Amino acid sequence: YVLLFIPIVSTLEMLPTKLVTSFGTVTLSVGLALQGSLANFAGGVLILIFKPFKVGDYIVACGDEGTVVGIDVFYTKLATVDNKMIVIPNGTLANSSVKNVSAMDIRRVDVQVGISYESDITAAKKVLMGIIDKNDNILRDKPVNVFVASLDASQVTLETRVWVSADKYWDTKWAFTEQYKLALDEAGIEIPFNQLSVTIKNTQGQQ
């Protein structure tokens, strides 16, 4: 149509060079205006073809996270855990690192807890292992680890690692966080916390 349009206009004694220049300017302007939309469209096509995630998956991407509730041509929609809607352009999403939390059927639950340097490490590890043994969500055919993760400034940090099915991840993590605290308190094992000492000097009467 463009090739046909130029000779027709030239027969009307219009200058083809000026016409082509004007047409090129308009085309460039339209292209720049649609650049973002075209990038989003291309990103949407890539997502639909390669399927790094699907509707129903929980993903972390572009500084946001949530459950995928819709993959449109230009945008992907996420629903957060507190029921907010996040709309991410597909162009940005296709060029970013995406963590698909729901991709695997099982997940590892890592929980850290600190104990004081005066506490018995062996006894503390037995307490934590006792909590793990009572939890029905643990996959018994996977390794269970209870170990000293680090020696920090004011505490010895213990860490537990267990495997659960993906749908039991948060329930298990929240349960362990609470139960570890209660069990260590009951066993008389101190969980230290940061303390601040303040010294006030009396300067009254000084010149």
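Trainee: Let's start with Thr122: what is its relative accessible area?
Mentor: First, this is a predicted model, where local features need pLDDT of at least 70, side-chain atom pairs count only at pLDDT 80 or more, and totals for chains, interfaces and linings use all residues. Residues are numbered from 1 along each chain as its sequence is written, and side-chain values use heavy atoms, with hydrogens and water left out. Buried means under 20% relative accessible area, exposed means over 50%, and partly exposed is in between (1.4 Å probe, protein chains only). Thr122 falls in the partly exposed class, because its relative accessible area is 49%.

Trainee: And which helix is Thr122 found in?
Mentor: Helices (H or I, at least four residues) and strands (E, at least two) are DSSP runs, numbered from the N terminus. The run that holds Thr122 covers residues 121-133, and that is helix α5.

Trainee: How many helices and strands does the protein have?
Mentor: Read along the sequence, the pattern is α-α-α-β-β-β-β-α-β-β-α-β-β-α. That comes to 6 helices and 8 strands.

Trainee: What span should helix α6 have, and what is the distance between its end C-alpha atoms?
Mentor: The expected span of a helix is 1.5 Å times one less than its number of residues. Helix α6 (residues 169-186) has 18 residues, so it should span 26 Å. The model agrees, with the end C-alpha atoms apart by 26 Å.

Trainee: Where do the buried residues of α6 sit around the axis?
Mentor: Buried in α6 are Tyr169, Thr172, Phe176, Tyr180, Ala183 and Leu184. They cover an arc of only 90° (taken from the directions from the helix axis to the C-beta atoms), so they sit on the same side of α6.

Trainee: What do those buried residues pack against, then?
Mentor: Look away from the buried side first: that face carries the exposed residues Trp174, Glu178, Leu182 and Glu186. As for the packing, contact means heavy atoms within 4.5 Å. By that rule, the buried residues of α6 pack against β6 (106-115), α5 and β8 (156-165).

Trainee: Which strands are at the edges of the open sheet?
Mentor: This sheet has 5 strands in the order β4-β3-β2-β1-β5, with antiparallel pairing. Two strands pair if DSSP finds at least two bridges between them. An edge strand pairs on one side only, and here those are β4 and β5 (98-100).

Trainee: How many bridges join β1 to β2?
Mentor: Strand β1 (residues 58-61) and strand β2 (residues 64-71) run antiparallel. The number of bridges joining the two strands is 4.
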